[in-house]
Amino acid sequence: MSAPRIGVITFPGTLDDVDAARAVRHAGAEPVALWHAEDDLRGVDAVVVPGGFSYGDYLRAGAIAARQPVLRAVIEAARRGTPVLGICNGFQILCEAGLLPGALVRNAGSRFVCRDQRLRVESGATAWTSRYPPGTEIVVPLKSMEGRFVADAPTLTALESEGRVVVRYLGASPNGAINDIAGIASADGRVLGMMPHPEPAIDPLTGPSADGLEVFRSAVDAVARAVTVTTAGPRRGSADVG
Amino acid sequence: MPRVVVDVVPKPEILDPQGQAIVRALSRQGVRGVRDVRQGKHFELDVDDDVDAETLHRIAGELLANPVIEDWTVRQL
């Protein structure tokens, strides 16, 4: 089987697309550049929406990007089960697009937070975390101003009871996120949004750890499993991770 | 051409650190009696005559405001 192709979207103001493409390559997949103004995903097997300040955070962080042509294609792909990862501004974009519930608002301390952040991966039952045994502690960079996850009480109850809180902050809260939530997944476990950045943490030489690499390796596994299932014929539900 | 105003504010249950910073700044300036500030956004739209109220509310609720965290009002000047 040839290497999975993982798309990385660039909007005006995206910063971390190059790091995301590098992480995809380190994980053994082929990064494919996707452009905000096109609604063509070029047949990729998975999509990364990287961080930065798309459209200068005008209106609200992620609000304009969520309404661009490429996001319409991402929403359609997510409905078919294509793995989608939103990191930082990418997480904000996926919430604004309605692919994930809740919203990201300004940090409780009113300060931009930039630090190496300790996290606990709570669930391996997603396309992006299957390589982490549940409860794994990792350290990756966090750099955000609107990083405080909020959701109404019914949404929060659903996320917690369905095991969809995938990543949680450890130690003192960096931003006041409700229940220390750093990342959440869609109900089918294919779409993951997280504020901390796994993509610069793939090599101890250039990041605080290599803890983030397994995020991208998990997606490579998920794509390989989906291909196997397709080749073997339709087996109901077997393409779902978790 | 009608002018329409959309005002957007954070929902009461959403902590507004910018509003809190303004309250503290007022206190440091010696202004007394301001207990709370909620910072929001004010939009002025010049629209064609045939843009109806339903469309305006859709614009407000689907783009100008995020209903998860914000309330909004639409009024025509």
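**Notebook: sheets, core and chain contact**

I began at A:Val24, which touches A:Ile6, A:Val8, A:Ala29, A:Pro31, A:Val48 and A:Phe216, leaving aside residues up to four places away in sequence. I count two residues as in contact if their C-beta atoms, placed from the backbone, lie within 7 Å.

I note that this is a predicted model, where local features need pLDDT of at least 70 and side-chain atom pairs count only at pLDDT 80 or more, while totals for chains, interfaces and linings use all residues. Residues are numbered from 1 along each chain as its sequence is written, and chains are lettered from A and ligands numbered from 1 in the order in which they are written.

**Core.** I looked up the largest nonpolar core and found 79 residues; A:Ile6, A:Val24, A:Val47, A:Leu94 and A:Ala219 have the most contacts inside it. Helix α5 (residues 213-232) of chain A gives the most to this core, seven residues. Such a core is a set of buried Ala, Val, Leu, Ile, Met, Phe, Trp, Tyr and Cys residues joined through C-beta atoms within 7 Å; buried means that 20 or more other C-beta atoms lie within 10 Å of the residue's own, again placed from the backbone.

**Sheet of chain A.** I traced nine strands in an open sheet of mixed pairing, in the order β2-β1-β3-β4-β11-β10-β9-β6-β7. In chain A, β2 (30-35) and β7 (136-144) are at the edges with a single partner strand each, so one side of each has no neighbour in the sheet. Neighbouring strands are turned by 20 degrees against each other on average, direction ignored. Helices (H or I, at least four residues) and strands (E, at least two) are DSSP runs numbered from the N terminus, and two strands pair if DSSP finds at least two bridges between them.

A:Leu119 has A:Ile138 as its bridge partner in β7(A).

**Helices on the sheet.** Helix α1 (residues 17-26) of chain A lies across β1 (5-10), β2 and β3 (46-49) of chain A, at about 175 degrees to β1(A). Angles run from 0 to 180 degrees between N-to-C directions, with axes fitted to C-alpha atoms, for helices over the stretch in contact.

**Chain B.** I then checked strand β1 (residues 3-10) of chain B, joined by six bridges to the antiparallel β2 (residues 41-46) of chain B. B:Arg3 stands opposite B:Asp46 in β2(B). β1(B) also pairs antiparallel with β3 (residues 70-76) of chain B over seven bridges, where B:Val5 is partnered by B:Arg75.

Note on methods: A residue is buried if 20 or more other C-beta atoms lie within 10 Å of its own, exposed if 12 or fewer, and partly exposed in between; C-beta atoms are placed from the backbone.
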